[in-house]
Amino acid sequence: MRIAQALTIAGSDNGGGAGIQADLKTFQELSVYGMTVITAIAAQNTTGVQGVFPISYEGIAQQLDSTGDDFKPNAVKTGMLYSTEIIQLVAEKWRHYEWSNLVIDPVMVAKGGAPLLQQQAIQTLITELIPHARITTPNIPEAELLTGMSIRNLSDREEAARRLVQMGSTYALIKGGHDTGGMIVDVFYDGRSFHYLENIRIVTPHTHGTGCTYSAAITAELAKGSSVLAAVTTARAFIQAAIEDELGIGAGHGPTNHFAYQRRQRGER
Ligand SMILES: Nc1ncnc2c1ncn2[C@@H]1O[C@H](COP(=O)(O)OP(=O)(O)OP(=O)(O)O)[C@@H](O)[C@H]1O
Ligand SMILES: Cc1ncc(COP(=O)(O)O)c(N)n1
């Protein structure tokens with residue numbers, strides 16, 4: 001049996017809750033073989049980001065080539081891409097290796113406020129990478145920056161999703177984690193109709209890396225051949241379980257529980 005394979009192109013979180021580490025844990029839990037291209041080392045913990053150290057352009061290019069020359073990932077996700085140059089490089093290699101199933105999590109700012117994408121790189125993300133995306137998964141502030149509109153209500157979210165599809169992303173998912181109400185509504189758009197993934201907001205400080213984990217789960221499911229809506233639905237259940245069964249690690253905003261979804265599937269909760 002050929003195992004499904006997925007590649008994540010993202011930053012490293014030494015604390016293990018977000019970035020490359022969250023992606024690999026999620027791939028593994030969903031029975032997908034994971035590979036990585038590291039764009040930057042973010043020194044961080046549950047109290048914040050203490051430093052960001054980008055990998056050299058050559059270092060990233062070589063990782064992409066070493067991956068592309070030998071492996072054929074069934075799906076690829078991007079997380080923290082940090083700069084215009086890195087986005088252009090990823091777009092170039094994407095075309096060169098003819099990869100498929102691109103999931104773009106347009107990581108811009110860490111939960112604590114530290115910038116993870118340079119301001120001037122947002123336009124490059126729009127022109128160079130989003131046109132290749134199978135799905136783009138911004139949170140509300142990211143969707144506002146990408147679309148240039150302010151998002152206050154559900155119809156604004158729908159309009160933002162439409163604009164992402166107009167930019168060339170085949171599907172769009174506007175995540176509602178930054179909602180303030182008791183319900184979280186993620187808006188999924190397939191270019192024709194909308195689906196709403198509604199869940200009760202879990203009251204917890206332990207939401208570090210939720211966006212990374214959610215998009216990694218979508219990537220894993222796409223790698224296994226799921227439809228995009230089915231992938232998002234499974235990923236939503238994965239992130240809900242990961243937030244609900246909290247681990248309580250660290251003094252601040254702790255990581256989610258990447259074991260939770262499979263433990264529930266096995267009836268071990
Ligand atoms: N408190 C919560 N309760 C339930 N679900 C949540 C909660 N916080 C986040 N989620 C789920 O996780 C998804 C991703 O969260 P969010 O919108 O905060 O993404 P994000 O800001 O990209 O995350 P991060 O930057 O931490 O990786 C949300 O769309 C929602 O489905
Ligand atoms: C390497 C890396 N990638 C992404 C995030 C976003 O996660 P969060 O918004 O929860 O801090 C992060 N903190 N670090």
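Predicted model: local features only at pLDDT ≥ 70, side-chain atom pairs only at ≥ 80, totals over all residues.
Strands of a sheet pair through backbone hydrogen bonds, and the pairing can be parallel or antiparallel.

Strand β4 covers residues 75-78. In a regular strand the side chains alternate between the two faces of the sheet. In β4, A75 and K77 point one way, while V76 and T78 point the other way. All four of these residues are buried.

On one side, β4 runs parallel to strand β1 (residues 5-13), and 4 bridges join the two. Within this pairing, V76 of β4 stands opposite L7. Strand β5 (residues 102-104) is also parallel to β4, with 3 bridges between them. Here T78 has I104 of β5 as its bridge partner.

I104, the bridge partner of T78, has T136 as its bridge partner in β6.

Helix α7 takes in residues 210-223. At 1.5 Å a residue, its 14 residues should span 20 Å, and the end C-alpha atoms are 20 Å apart, which agrees. Because 14 of the 14 residues of α7 are buried, the helix is largely enclosed by the rest of the structure. After α7 comes G225, which has a positive phi, near 100°.

Helix α8 takes in residues 228-244. Its 17 residues, at 1.5 Å a residue, should span 24 Å; the distance between its end C-alpha atoms is 24 Å, in agreement. The buried residues of α8 include V228, A231, V232, A235, R236, F238 and I239. Also among them are Q240, A241, A242 and I243.

## Ligand 1

Ligand 1 is surrounded by 21 residues, of which K111, N139, K175, D186 and G211 are the closest. G211 falls within the residue range of α7.

An N or O atom in the side chain of D186 is 2.7 Å from an oxygen atom of ligand 1. A polar side-chain atom of R236, one of the buried residues of α8, lies 2.8 Å from an oxygen atom of ligand 1. The backbone takes part as well: an N or O atom of the I202 backbone lies 2.9 Å from a nitrogen atom of ligand 1. Taken alone, ligand 1 exposes 620 Å², and the protein buries 94% of that.

## Ligand 2

There are 14 residues around ligand 2, and those that come nearest are G11, Q44, K111, H208 and G209.

A nitrogen atom of ligand 2 lies 3.0 Å from a polar side-chain atom of Q44. For H208, a polar side-chain atom lies 3.3 Å from an oxygen atom of the ligand. G209 contributes a polar backbone atom, 2.7 Å from an oxygen atom of ligand 2. Ligand 2 exposes 360 Å² when taken alone, and 93% of that is buried by the protein.

Methods: Residues numbered from 1 in each chain as written. Chains lettered and ligands numbered in written order. Heavy atoms only, no water. Buried < 20%, exposed > 50% of the residue type's maximum accessible area, 1.4 Å probe, protein only. Pairing = 2+ DSSP bridges. Expected span 1.5 Å × (residues − 1). Near = heavy atom within 4 Å. Polar contact = N/O pair within 3.5 Å; in protein donor to acceptor, adjacent residues only side chain to side chain. Areas by Shrake-Rupley, 256 points an atom, 1.4 Å probe, with all protein chains shown as cover.
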